[in-house]
Amino acid sequence: MIKIPVDLTQEQKTVLAYFSIRQLILVGPMAVFTVLQTVLFNWPFISGWVEFAWKAFILLSTNAITVSLAFVYLEKYDCYLSEFVVRRYKFWRSQKTYTN
C-alpha cells in the first residue's frame, strides 16, 4: 500500500480545483460588481473615451487588489495577503494610545 502525504498547511481547492472558498468569496462578488458597474453605471460629467478609460482603470485596479488579496502568499509570514491585512488591522486597533 502506498501512503500519500497530506499537506495540511495549504488550502483545499474546492471550486473547479483552482479556487478555495476564501478566494472565491474575495474574487467573485468584486468581479460581478465591477462588471455591473462598468456596464450599468454612467458618469454624468465625462463621456466617450475618457469615460471608457476611467472605467477600465477602476475595473483593473479594483480587480488587481482583490486578486492580489486572494492569491498572493507571503512566505515570510506564512499566510495569504488577505489574512495579513486583517491581522495588521486588528493589531493596529489593539494598540493603546497614551496622551498627557
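A word on helices before we start: here a helix is a DSSP run of H or I that is at least four residues long, numbered from the N terminus. Keep in mind, too, that you are looking at a predicted model.

**The whole chain**

Start with a cartoon view. The chain has three helices and two strands, and from the N terminus on they follow the order α-α-β-β-α. If you colour by burial, buried residues account for 14% of the 100 residues in the chain. As for contacts between residues at least 6 apart in sequence, 42% of them join residues at least 24 apart.

**Helices α1 and α2**

Now select residues 21–40, which is helix α1, and residues 49–71, which is helix α2; their axes come within 9 Å and cross at roughly 175°. How do the two run relative to each other, roughly parallel or roughly antiparallel? Angles over 145 degrees count as roughly antiparallel, and α1 and α2 are therefore roughly antiparallel to each other.

Show the side chains where they meet. On the α1 side, the contact includes Leu 26, Val 27, Met 30 and Ala 31; on the α2 side, look for Ile 58, Leu 59, Val 67 and Phe 71, among others. Taken together, the residues of this contact divide into 10 nonpolar, seven polar and two charged. Arg 22 of α1 and Lys 55 of α2 are also among the residues making the contact.

**Thr 34**

Next, click on Thr 34, which lies in helix α1. Is Thr 34 buried or exposed? Its relative accessibility is 1%, so Thr 34 counts as buried.

**Arg 22 and Tyr 80**

The charged end of Arg 22 sits over the ring of Tyr 80, at 4.3 Å from the ring's centre.

**A pair of rings in α3**

Finish with helix α3, residues 81–94, and pick out Tyr 89 and Trp 92. These two are three residues apart, about one turn of the helix. Across the whole structure, a search finds five aromatic pairs. In the pair formed by Tyr 89 and Trp 92, the ring centres are 5.9 Å apart and the planes are at 40°, so the pair is tilted.

Note on methods
Residues are numbered from 1 along each chain as its sequence is written. This is a predicted model: local features need pLDDT of at least 70, side-chain atom pairs count only at pLDDT 80 or more; totals for chains, interfaces and linings use all residues. Side-chain values use heavy atoms; hydrogens and water are left out. Rings of Phe, Tyr and Trp (its six-membered ring) pair if their centres lie within 6.5 Å; planes under 30 degrees apart count as stacked, over 60 as edge-to-face and the rest as tilted. A charge sits over a ring if NZ of Lys or CZ of Arg is within 6 Å of the ring centre and within 35 degrees of the ring normal. Axes are lines fitted to C-alpha atoms, for helices over the stretch in contact, and angles run from 0 to 180 degrees between N-to-C directions. Angles under 35 degrees count as roughly parallel, over 145 as roughly antiparallel, 65 to 115 as roughly perpendicular and the rest as oblique. Contact means heavy atoms within 4.5 Å. Ala, Val, Leu, Ile, Met, Phe, Trp, Tyr, Cys and Pro count as nonpolar, Asp, Glu, Lys and Arg as charged, and the others, Gly among them, as polar. Buried means under 20% relative accessible area, exposed over 50%, partly exposed in between (1.4 Å probe, protein chains only).
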